[in-house]
Amino acid sequence: MRKTLPVIFALILVVLIVMGAAGRSLGRVSSDTPEGAVKNFFADVKAKNYDEAFAMVAPESGIDKWAFIRDVAGNNGSLKTVSALDKADVKVLNTAGDRAKVRAQIEWSTAVGAQKEERDLDVVKQGGAWRVVWPKPVE
């Protein structure tokens with residue numbers, strides 16, 4: 001009994017680690033479509049993986065990394081600094097070749113309740129990958 005208990009705990013630990021690793025990949029969808037790319041983009045924002053999310057921003061956006069992070073994570077004590085992305089529902093409005101228009105219905109969880117916003121995003125296919133054209137924030 002003394003030797004089997006550590007073995008059982010080790011097996012449980014291994015199973016939990018495998019489930020955690022699988023769970024991360026299960027939340028992602030294929031980025032082969034504009035919808036999938038935008039869903040993965042917002043999954044990275046939700047997980048606060050801002051480097052990975054920014055890697056999906058098209059260069060034509062003309063936004064630098066820190067301006068992007070301030071826009072999605074908040075700055076100067078804005079409500080977004082103490083909020084979290086709850087969900088983002090994505091719908092493709094139109095597709096024409098290597099360009100698409102996608103509507104994102106975004107819901108943020110905040111201390112004062114849900115905050116909803118809607119963004120129409122351009123998505124472009126560059127180098128075989130769909131990328132989000134993130135608009136520069138208005139200063």
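Student: Over how many bridges do β1 and β2 pair?
Tutor: This is a predicted model: local features need pLDDT of at least 70, side-chain atom pairs count only at pLDDT 80 or more, and totals for chains, interfaces and linings use all residues. Residues are numbered from 1 along each chain as its sequence is written, and side-chain values use heavy atoms, with hydrogens and water left out. Strands (E, at least two residues) and helices (H or I, at least four) are DSSP runs numbered from the N terminus; two strands pair if DSSP finds at least two bridges between them. L85 has W108 as its bridge partner in β2, and the antiparallel pairing of β1 and β2 spans 11 bridges.

Student: Which residue in β3 is the bridge partner of E107?
Tutor: β2 (residues 99–110) and β3 (residues 113–126) run antiparallel, joined by 12 bridges. They form a hairpin with two residues between them. The partner of E107 is K116.

Student: Which residue in the turn between β3 and β4 has a positive phi?
Tutor: β3 pairs with β4 (residues 129–133) in the antiparallel sense over five bridges. Q126 has A129 as its bridge partner in β4. Two residues separate the strands of this hairpin, and the one with a phi of about 60° is G127.

Student: Which strands stand at the edges of the sheet?
Tutor: The open sheet has four strands in the order β1-β2-β3-β4, with antiparallel pairing. Each edge strand has a single partner, so one side is left without a neighbour in the sheet; these are β1 (84–96) and β4.
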